[in-house]
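The sequence and structure come first, and the notes follow by topic.

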Amino acid sequence: LHDPIDKPLVLMQTGVRHEERARRLQELLGLADLPDASPASDHVASAMERAFVPERATDGGRIALDFLQNPEIRHPFSGRRLEGLGDFSDLALDRATSGVEDAVEVVADRIGEEADFQQAFFTLWRTLLPAPRERAPAAVAPYWPVLPADTRIPDHGVFQHLTVTSAFSGMEMVGEDLYTDATFLLVTLGPAQAFIQQARKTQDLYWGSALLSRLTWTAMTPVVERYGPDAVFFPDLYGQPLVDKWLHEHHGISLPADGRVSDTTVPTLPNRFFAVVEAGDRQARADLLGDIEAAVHERLDALAGAVFDSGVVPEEKQGRVPTDAVAHHLRDALSVHGVALPYQPGDAPLTATGVLDAAEGRVGGGELAALRELVNVADGPETRYDASPGHVYSLLHTLTEKLLAADEVTCWTCGS
């Protein structure tokens, strides 16, 4: 909640700093008494999303861009400008901001006074984005989900930034030093291609994909229950039918109009997911991976039992079906593989340079050299913000992929 959901609309417009606007919305949500999160999580998330900002003096040493006068939204991969953006200078700003406040009050009503923090968080995560969009002026409503978190580098939305920051909220500053239990988790179910290739009909192909999609959600559930849906970076769980159903049925969350509970048979999830979790010690990481594998096996056993109970196997033949063998066959057909890589290599404070040093010999020299150059530029006089561990996020993502593919893995925190 450190940034207001309407941040680009109020920047440089109302005379109110966006931090004050964020506090106002937090009060309307009934969450004014929440302790402030460490700014370290915001700084790391920002560095992940925008690399670095040039230090070019246009407004007292700061780059200042008026989004309403010159709206700009860029695609995060291609860099292409979103076409069709007009001039928002005639936008009725009072109406837009009051509409956001009305929407936030609706979200507060959904949370209620008796909700626990977990339920309040789930409600915020699922309803904070669509509620203001429904009340936004027509000119800006179509662009609401992608309104930029940073108008200087407008290739990521406010809601995305809030989500990433939330995932890293456990970061802690001790003096000038940063420490974290954040761990990068990559889990796959497979072999997906060999499993799906067994299909003989289009129907088999569809349901094979649907089964893998549901099992992937099963694997995610221990992560989401423990750390929240914001912890899963890929695939994006926002608006996923299986997630909406879980929120509604297991946690009583009242879904917005775009809820998709009826589409749970549509295979919308791949056979892998990438998440950030708070698992600081080796045993915690091993326990989490064990819980994920156990959840998938339990689900497979339940599916096998449902097939036997459905009447597909005639009653007179059920005694001759080796049910235990079928269950083992299902477990062997799909295996769960996972890697949990701590963000902080060792006991020393987390720094971009420390991560790069720890990655020596584990990834290609060219990639390391490019990232060292980026870190050097960020620490130089021509950029506004110093180098951050967020600048080497891509390296850690690559390293996690490499570790999952390796036959043997050596832990970079304990060497075992």
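In this predicted model, A51 comes directly after helix α3 and has a positive phi, near 55 degrees.

**Helix α3**
- Helix α3 covers residues 39-50, which makes 12 residues.
- From first C-alpha to last, α3 reaches 16 Å, close to the 16 Å expected at 1.5 Å a residue.
- Because nine of its 12 residues are buried, α3 is largely enclosed by the rest of the structure.
- The buried residues of α3 are A40, S41, V44, A45, S46, A47, M48, E49 and R50.
- Packing against these buried residues are the helices α7 (158-167) and α16, together with the strands β1 (172-174), β2 (177-179) and β4 (232-234).

**Helix α16**
- Helix α16, one of the elements that the buried residues of α3 pack against, has 13 residues, 393-405.
- The distance from the first C-alpha of α16 to its last is 19 Å, close to the expected 18 Å.
- Buried residues in α16 are Y393, L395, L396, L399, T400, L403 and L404.
- Residues three or four places apart in an α-helix point the same way, because there are 3.6 residues a turn.

- The relative accessibility of H18 is 17%, so H18 counts as buried, the cut-off being under 20%.
- Apart from neighbours within four places in sequence, H18 contacts D3, P4, K7 and L11.

Notes: Residues are numbered from 1 along each chain as its sequence is written. This is a predicted model: local features need pLDDT of at least 70, side-chain atom pairs count only at pLDDT 80 or more; totals for chains, interfaces and linings use all residues. Side-chain values use heavy atoms; hydrogens and water are left out. Helices (H or I, at least four residues) and strands (E, at least two) are DSSP runs, numbered from the N terminus. The expected span of a helix is 1.5 Å times one less than its number of residues. Buried means under 20% relative accessible area, exposed over 50%, partly exposed in between (1.4 Å probe, protein chains only). Contact means heavy atoms within 4.5 Å.
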